[in-house]
Amino acid sequence: MTRRSHMDRRALFATGAAAALLAATGVSAQASPARRGRLRAALSGARRTDSFDARQDHGLFMQVATVGAVFDTLTEVAADGTLHGELSTAWEGDARAQVWTLTLRENVDFHDGTRFSAQDVIASFDLHRQTLLADVARVSVLDAQRVLVELHEGDPHFPYRLSDPRLVIYPAGNMAAAMSDGIGTGLYRVQRFQPGRHFLGQRVAQHYKDGRAGWFDTVELVALSSSAVRAEALRDNYVDAAELSDTSDLADLSGITLLPETVSMTAAVSERLALPHHTGSRWPLDNLRAAERWWMA
């Protein structure tokens, strides 16, 4: 398998083309994913903090837990490189791409039962303006389902930027608890969390992504600091996927697929998992959305 060239982010947004995608040969595939089973992954662990604060550098362990399972962002880059709405269903900018109107998804609940609203976007933007959204001059509520965002300067790629996994949306009235306990609008609710060591998430019974994502009943992430131990856990069937950067500890590659490709890998996946025909490599483990997009073979 040859290494694919990486496209400029602006070109990706403009053309809708996919950068560095994998045609998942060697991995089980089936036409109709079914809801069942547990995704088990061995990751490298958290680095700094024990919270669900997506602004911090947690390492892949917490990024997969927070982004791929527990929380949503406003937009999402699909595996084919196209931009889709997540908690935002539509967006429109003015002629200078400086003032943006975001239309929000209706009838979405946080895991604590509170209803998602425009105020949650306002509060989350205020938090993220300290880092990734420093160019946001003002955010205001137009009505129950629309938010107005004014930038210091025009940026036609602003909707694409909102898909950054660190720009998750927290509940405005319970933000501290949301970051400490993991309260989001994602497909998986936190059942058990040992900071930097272990995460277990349970599939939400009803979700706006039903029928198109979230095929596992549970998602379990285990932090193992040694790459050799993670490879051993995969070889011995203790996990279905492992964060790895080379094949030296795998030895036998039969029944294992390397993602996103052989010469530039971030993970190894067992044939027990079924993957879509394309998996995104903008971020590790299928754009950090393995828990959403994969299913049991």
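What is the relative accessible area of R161, and is this residue buried or exposed?

A: R161 has a relative accessible area of 16%, and it is therefore buried. Buried means under 20% relative accessible area, exposed means over 50%, and partly exposed lies in between, with a 1.4 Å probe and protein chains only. The model is predicted, so local features need pLDDT of at least 70 and side-chain atom pairs count only at pLDDT 80 or more, whereas totals for chains, interfaces and linings use all residues. Residues are numbered from 1 along each chain as its sequence is written, and side-chain values use heavy atoms, with hydrogens and water left out.

R161 has a charged partner. It forms a salt bridge with D135, and the closest N and O atoms are 2.8 Å apart. A salt bridge is a side-chain nitrogen of Lys or Arg within 4 Å of a carboxyl oxygen of Asp or Glu. Because D135 lies in the loop between α3 and β7 (136-143) while R161 belongs to helix α4 (residues 158-161), the pair ties together parts that are 26 residues apart in sequence. Helices (H or I, at least four residues) and strands (E, at least two) are DSSP runs, numbered from the N terminus.

In general, side chains of opposite charge can pair when their charged atoms come close. The structure holds 19 salt bridges. Another of them joins R38 to E220, with 3.1 Å between the closest N and O atoms. This pair links distant parts of the chain, since R38 is in strand β2 and E220 is in strand β11 (residues 218-223), 182 residues apart. R38 counts as partly exposed at 34% relative accessibility, whereas E220 counts as buried at 17%.

Salt bridges also form a network, which links D72, E76, E86, K209, D286, R289, E292 and R293. Within this group, the side chains of E292 and R289 meet at 2.8 Å, N to O. E292 counts as buried at 4% relative accessibility, and R289 is buried with a relative accessible area of 4%. E76, which sits in strand β3 (residues 75-77), is buried as well, at 11%. Its side chain makes a polar contact of 2.8 Å with the side chain of R293. A polar contact is a pair of N or O atoms within 3.5 Å; within protein, one must be able to donate a hydrogen and the other to accept it, and residues adjacent in sequence count only if both atoms are side-chain atoms. Leaving aside its neighbours within four places in sequence, E76 is in contact (heavy atoms within 4.5 Å) with residues including S163, K209 and R289.

In α6 (residues 227-235), R230, A231, A233 and L234 are buried. Seen down the axis, these buried residues fall within an arc of 160°, so they line one face of the helix; the arc is that of the directions from the helix axis to the C-beta atoms. They pack against β2 (38-43), β12 (241-243), β13 (256-259) and β14 (267-270). At the start of α6, a side-chain oxygen of S226 reaches to within 3.3 Å of the backbone nitrogen of A228. After the helix comes N237, whose phi is positive, near 70°.
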